[in-house]
Amino acid sequence: MDKFSKALLTLALTTGSLYSNAQNSVRADDVNTGDNYQLVWADEFNTKGAPSKKNWQYENGFVRNNELQWYQPQNAYCDSGLLIIEARRTNIPNPNYKETDADSWRSRRKNIEFTSASLNTHGLQSWKYGRFVMKGRIDISAGIWPAFWTLGINGPWPSNGEIDIMEYYKGNILANIATGTDKQYSPKWFSVTKPVKDFNDPLWASKFHVWRMDWDEKAISLFVDDELLNRVELKDLANRDARGENPFMQPHYILLNLAVGGDNGGDPSATTFPRKFEIDYVRVYQRKQ
């Protein structure tokens, strides 16, 4: 077990290191990383087979971002203490195909070329504020788009608020926060991007890493391996619309998914399949009352 994992289990947490980005400069000592947290929920994925129905439900079909994969539950399974989300290449008919439907990219596709899985805790588990942690190994092959993120339980996207604790595509990891605007489906992003090559570790992608969000009534801070990537104060995160509500003052639920291609994922045509997103654990801590 690595030093950081031991710290999580003992609830003794260290401070993050400095990371600056032209879009959003942050300092690790801006973040309260005290040890007054307690574990309130976790999935360690230690039972072989399907993920727990008490913790996870699934998205199905073609869902968002013009992504190439068809989401289905059978592409997510637990083995050897890991949740494995597997993207596979296939060629099967799209059951929702409509030759005359010119308005929906979901139904215009005659065939399903890739399958994968997207899990979430919507309607099962949600939390307002806390420390959200995921230890996982991501695939950085061309066209692969894994993510560990949250959405608010109320309101349409993006006015419900989105937090991308971990997102990867096209050679970069991203730490993003999105709020709504006065234009439907047009978010305002608070984003930090870091190229994987900047870790100066040619084996970086072959290792497990710890992604973390610290979220309280003052700010949202996003980390990888205790390195602070992005921090935005809640006072700056109200929706840019007539109502001006803050979507980060409500409970959020967790999502884990592995996408292929789409608007941001890149071209997977030269990538061999299957590809995997492997998760050791997901844990949620909240401050002691």
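Visitor: How many bridges join β8 to strand β13?

Guide: Start with the general idea. Two strands count as paired if DSSP finds at least two bridges between them. Helices (H or I, at least four residues) and strands (E, at least two) are themselves DSSP runs, numbered from the N terminus. Here, β8 and β13 (residues 209-215) run antiparallel and are joined by seven bridges.

Visitor: Before I go on, what am I looking at?

Guide: This is a predicted model, in which local features need pLDDT of at least 70 and side-chain atom pairs count only at pLDDT 80 or more, while totals for chains, interfaces and linings use all residues. Residues are numbered from 1 along each chain as its sequence is written, and side-chain values use heavy atoms, with hydrogens and water left out. Overall, the protein has three helices and 17 strands.

Visitor: Which strand pairs with β8 in the antiparallel sense over seven bridges, taking in residues 275-287?

Guide: That's β17. For a landmark, find Gly136, which stands opposite Ile279 of β17.

Visitor: How many of the eight residues of β8 are buried?

Guide: Burial is read from relative accessible area: under 20% is buried, over 50% is exposed, and partly exposed is in between (1.4 Å probe, protein chains only). By that reading, β8 (residues 130-137) is mostly covered, with seven of its eight residues buried. Across the protein, buried residues make up 53% of the 289.

Visitor: What order do the strands of the open sheet of seven have?

Guide: Read across the sheet, the order is β2-β7-β16-β9-β10-β11-β12, with antiparallel pairing. β2 and β12 (188-195) sit at the edges with a single partner strand each, so one side of each has no neighbour in the sheet. Further in, β9 and β10 run antiparallel, joined by five bridges. In β10, Met166 is the bridge partner of Phe148.

Visitor: Which residues touch the most other members of the largest nonpolar core?

Guide: A nonpolar core is a set of buried Ala, Val, Leu, Ile, Met, Phe, Trp, Tyr and Cys residues joined through side-chain atoms within 4.5 Å. In this case the largest one has 49 residues, and Phe148, Ile220 and Leu256 touch the most other members. Take Phe148: beyond its neighbours within four places in sequence, its contacts (heavy atoms within 4.5 Å) include Phe132, Met134, Trp211, Leu256 and Val282. Another core, of six residues, lies apart from the largest one, and Val63, Trp145, Leu174 and Ala259 are among its members.

Visitor: How do I read the salt bridges, and how many does the structure hold?

Guide: Side chains of opposite charge can pair when their charged atoms come close. The cut-off is a side-chain nitrogen of Lys or Arg within 4 Å of a carboxyl oxygen of Asp or Glu. The structure holds 19 of them. In one, Arg275 pairs with Asp139, their closest N and O atoms 2.9 Å apart. That pair links distant parts of the chain, 136 residues apart: Arg275 is in β17 and Asp139 in the loop between β8 and β9. Asp139 counts as buried, at 12% relative accessibility.

Visitor: What are the closest N and O atoms of Arg212 and Asp226 apart?

Guide: They are 2.8 Å apart, in a salt bridge. Arg212 lies in β13 and Asp226 in the loop between β14 (219-224) and β15 (227-233). Arg212 is buried at 1% relative accessibility, and Asp226 is buried at 11%. Salt bridges with shared partners join Arg131, Arg212, Asp214 and Asp226 into one network.

Visitor: Which residues form a nonpolar patch on the surface?

Guide: Patches are made of residues with over 30% relative accessible area and no salt bridge, where like charges are joined within 9 Å and nonpolar side chains (Val, Leu, Ile, Met, Phe, Trp, Tyr) within 5 Å. Accessible areas come from the Shrake-Rupley method with a 1.4 Å probe, and for residues only the protein chains shown count as cover. Here the patch is Trp157, Tyr185 and Trp189, with about 340 Å² of accessible area together. Trp157 lies in the loop between β9 (144-152) and β10 (162-169), and counts as partly exposed at 32% relative accessibility.
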